Amino acid sequence: MNSIMFESLTEDKNFSVYLIRNLESESKEENVELLMKKIKNIPVNFATIDLGYINLREFNETHLAKVLKKFGIPYFTIELPHYVKGHYLSQISEIQNKYDELKSTYSMLKDKNTPGAQELSYLIDYYSNELKELNYYINQEVRTDAITKRILQVIKDRDSEDLTFVHFGAENTFVEIMKQLKEQNVKSNILFIQKSKFSHSID
C-alpha cells in the first residue's frame, strides 16, 4: 500500500483517468484507512460507489463507508435499477442453479463419451454462455449507464475541470464509464479503484 501506482487509462490531455494499481489482492481494514489518507491528500472532491447487488444500508455498515466519513470524503452511491435486482438477479440465480446441477451430474459420470454425457456437456456450455451474456449486458449496459448518469448528476452544478473524484466499482465497467463520460465532455480527474480489492469491506 505504500507504493500506490496511478496507471493512466487515456492519453487525452483534457480528460485524465487513472486506475490505482499496486493494491494488495485483498486490502486489510487498516490499509483502507491508509489509502483514504493518500487519496485525501490528492485531494479528491468526492467518491462514487457502485453498490452492485447490495443496498445502501448494507454499504453504510462497511469499513470503507466509515473511513470515507472519517476523512470527510463525501460519497454518492449507485444502485442497480430495481428491475435488474429483481428480474435479472432472479434469472441469473435460476440459470446458475441449472448450471451447477448439470455440472455436478456430469462430474459424477464414469463414462463421459455416451450420448447422454455429451448432451449434458452441451447444456453446461449453453448455460455458461447464458450467464456470461447476461452478466455482460448488466455490467456493460445497465450498470455503466446508471453510473454515468449518477456522476453527471453529482457534477451538474460544478465545474468538472476543477474536480477530482474516485470511483469504486468493477474493473470491467471502467472503460465504458470512461467512454460515456468523455462523450459528455466531462473533464474531471477520475481515479478508478477495483471494488474487489475491498471484498471484505464492501461485498
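Leaving aside its neighbours within four places in sequence, which residues is asparagine 45 in contact with? With contact taken as heavy atoms within 4.5 Å, the partners are Pro74, Asp162, Leu163 and Thr164. Asparagine 45 sits in the loop between helix 1 and strand 3, and its relative accessible area of 34% makes it partly exposed. The scale here calls a residue buried under 20% relative accessible area, exposed over 50%, and partly exposed in between, using a 1.4 Å probe and protein chains only. Tyrosine 75 lies 30 residues from asparagine 45 in sequence, with 9.2 Å from C-alpha to C-alpha.

A word on the ground rules: this is a predicted model, so local features need pLDDT of at least 70 and side-chain atom pairs count only at pLDDT 80 or more, while totals for chains, interfaces and linings use all residues. Residues are numbered from 1 along each chain as its sequence is written, and side-chain values use heavy atoms, with hydrogens and water left out.

Now the overall layout. The chain has six helices and six strands, which are DSSP runs numbered from the N terminus (H or I over at least four residues for helices, E over at least two for strands). Along the sequence they come in the order β-β-α-β-α-α-β-α-α-β-α-β. Of the 203 residues in the chain, 44% are buried. Among contacts with a separation of 6 or more, 75% are between residues 24 or more positions apart. The chain exposes about 11,500 Å², and carbon and sulfur atoms supply 47% of that; accessible areas come from the Shrake-Rupley method with a 1.4 Å probe, and for residues only the protein chains shown count as cover.

Phenylalanine 165 has isoleucine 190 as its bridge partner in strand 6. Together with helix 6, these two strands make a right-handed β-α-β unit; right-handed means that, with the strands pointing away from the viewer, the path from the first strand over the helix to the second runs clockwise. Strand 6 is mostly covered, with five of its six residues buried. In the loop between helix 6 and strand 6 comes asparagine 185, which has a positive phi of about 60° although it is not a glycine. Asparagine 185 is exposed, at 54% relative accessibility.

Aromatic rings come next. The structure holds six aromatic pairs; rings of Phe, Tyr and Trp (its six-membered ring) pair if their centres lie within 6.5 Å, and planes under 30 degrees apart count as stacked, over 60 as edge-to-face and the rest as tilted. One of the pairs is tyrosine 126 with tyrosine 127, edge-to-face at 5.2 Å centre to centre and 75° between the planes. Tyrosine 126 is partly exposed at 39%, whereas tyrosine 127 is buried at 17%. Phenylalanine 174 and phenylalanine 192 form a stacked pair, because their ring centres are 4.4 Å apart and their planes meet at 20°. This pair links distant parts of the chain, 18 residues apart: phenylalanine 174 belongs to helix 6 (residues 174-183) and phenylalanine 192 to strand 6 (residues 189-194). Phenylalanine 174 is buried at 2%, and phenylalanine 192 is buried at 1%. Elsewhere, ring pairs link Phe46, Phe76 and Phe165 into a cluster.

A few backbone details remain. Isoleucine 42 and proline 43 are joined by a cis peptide bond, with omega about -5°, and proline 43 lies in the loop between helix 1 (29-40) and strand 3 (46-52). Glycine 72, which follows helix 3, has a positive phi near 65°. In helix 3 itself (residues 63-70), His63, Leu64, Ala65, Val67 and Leu68 are buried. Helix 5 (residues 115-154) holds asparagine 139, which is buried with a relative accessible area of 12%. Beyond its neighbours within four places in sequence, asparagine 139 is in contact with Thr144, Asn172 and Thr173.

Terms used: Two strands pair if DSSP finds at least two bridges between them.
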